[in-house]
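Please keep the structure open beside the text as you go.

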Amino acid sequence: MYWLIMKLMTHPLPTPFTGAAAWLGRDMTARQTDWLIHLTPAQISGLETAAAHYLSQGRDVGEIAADTFPLPNFAAHLKTLSETLLHGRGFEVLRGLPVSSYTQETAATIFCGIGAHLGRARSQNAAGHILGHVRNIGVDANDPTTRIYQTADRQTFHTDSADVVGLLCLREAQVGGMSLLVSAQTIANRMAAQRPDLLALLFDPIATDRRGEIPDGADPFMRIPVLNWHDGNLTVFYQRQYIESAQRFAGAPRLTDQHIEALDLFDSLANDPDLHLSMQLQPGDMLFVYNHSQLHDRTGFTDWPKSNWPDPNKRRHLLRLWLSMPNDRALPDVFGERYGSIEIGNRGGIITAQTSLNAPLD
């Protein structure tokens, strides 16, 4: 018992958390108009005009910056969105972009342009891609080198390696592929009430697999606690499948039975429909999530049969951005294992010696 008392004294969480980020799924379901924002015709026109002007200059999509993508009809809302992500509930959906009438280049340009007003785009893999493509490419989800978003399997609740993740839905699956969100503060509240001993264990260093994308001189895994209390903020870092696959490395800290029990409870609470929010992203929806306070997930899905499409590539497809936000919270030093630098506004992503930033359109 002494070790537990000392651990809880080291991490004096102000539970229960009561701020906007400590929301309940059932409440968010009832308050859809708070977080589902419908773009106006004027806003859509402004986005299209900005994209057409940018592309007319022959510039690369990956070079978009806020000053090269002016949005006079939308900049004020994006400033509010930034505050919502950093200091509010931690997520928002923008709906109504008519992507079916766009080329993929135009859709990517609009998405990257919006992202540039929120923060700096970061590399999502060792190849330096700042524009990710989330789709099933037929790889084995059980392969420890596989990135789970490249499969049709359930992802499980997790965080991405950046301050903010943005998703633009281009095409839905035939069945499934629901997006799920849950608040880390809400999970911490429940664990503090039910099992404070297990909550304390989530502040221990826990190995997470890098899945083959290893910076020079680094171990093939990271040692970052699931929960981190720093500078008055609770910050979450989590991917259960990658935690489990990290145990294949001899040098990784071993998971005890108690750690596994703590992770199981964390997962059980995240999957409680009373706590999480479920939504089906429609083509044209843009979802932005603050990774430090929220976890996201995607259910498994069945894609459209190739025979149903004139183009076999027209299957479930989302574009993804990872963004580093200005005026963001400080992160504990241990996040340097993942980000390299934890400098505010210049952190996040996957950087190796071979990384060269670019924005592949397909």
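1. A term to settle at the outset: a residue is called buried under 20% relative accessible area, exposed over 50%, and partly exposed in between, using a 1.4 Å probe and protein chains only. The model is a predicted one, where local features need pLDDT of at least 70 and side-chain atom pairs count only at pLDDT 80 or more, while totals for chains, interfaces and linings use all residues. Residues are numbered from 1 along each chain as its sequence is written, and side-chain values use heavy atoms, leaving out hydrogens and water.

2. With a relative accessible area of 43%, Pro14 is partly exposed. Its loop runs between helix H1 (2-10) and helix H2 (25-30); helices here are DSSP runs of H or I with at least four residues, strands are E runs of at least two, and both are numbered from the N terminus. Leu234 is 220 residues away from Pro14 along the chain, yet their C-alpha atoms are separated by 9.7 Å.

3. Now the chain as a whole. It holds eleven helices and 16 strands, and 54% of its 362 residues are buried. Taking contacts (heavy atoms within 4.5 Å) between residues at least 6 apart in sequence, 80% join residues at least 24 apart.

4. Three strands form an open sheet in the order E12-E7-E14, with antiparallel pairing; two strands pair if DSSP finds at least two bridges between them. Strand E12 (277-279) and strand E14 (294-298) are the edges, each pairing on one side only. From one strand to the next, the twist averages 20°; axes are lines fitted to C-alpha atoms, for helices over the stretch in contact, and angles run from 0 to 180 degrees between N-to-C directions.

5. What joins E7 to E12? Three bridges do, and Leu180 stands opposite Ser278 in E12. Ser179, in strand E7 (residues 179-183), is buried at 6% relative accessibility. Beyond its neighbours within four places in sequence, Ser179 is in contact with Leu277, Ser278, Met279, Leu281 and Asp297.

6. Helix H7 (residues 184-194) lies across E7 and E14, and runs at about 55° to E7.

7. Finally, helix H10 (residues 257-270) passes a simple length check: its 14 residues should span 20 Å at 1.5 Å a residue, and the end C-alpha atoms are 20 Å apart, which agrees. The expected span is 1.5 Å times one less than the number of residues. Buried residues in H10 include His259, Leu263, Phe266 and Asp267.
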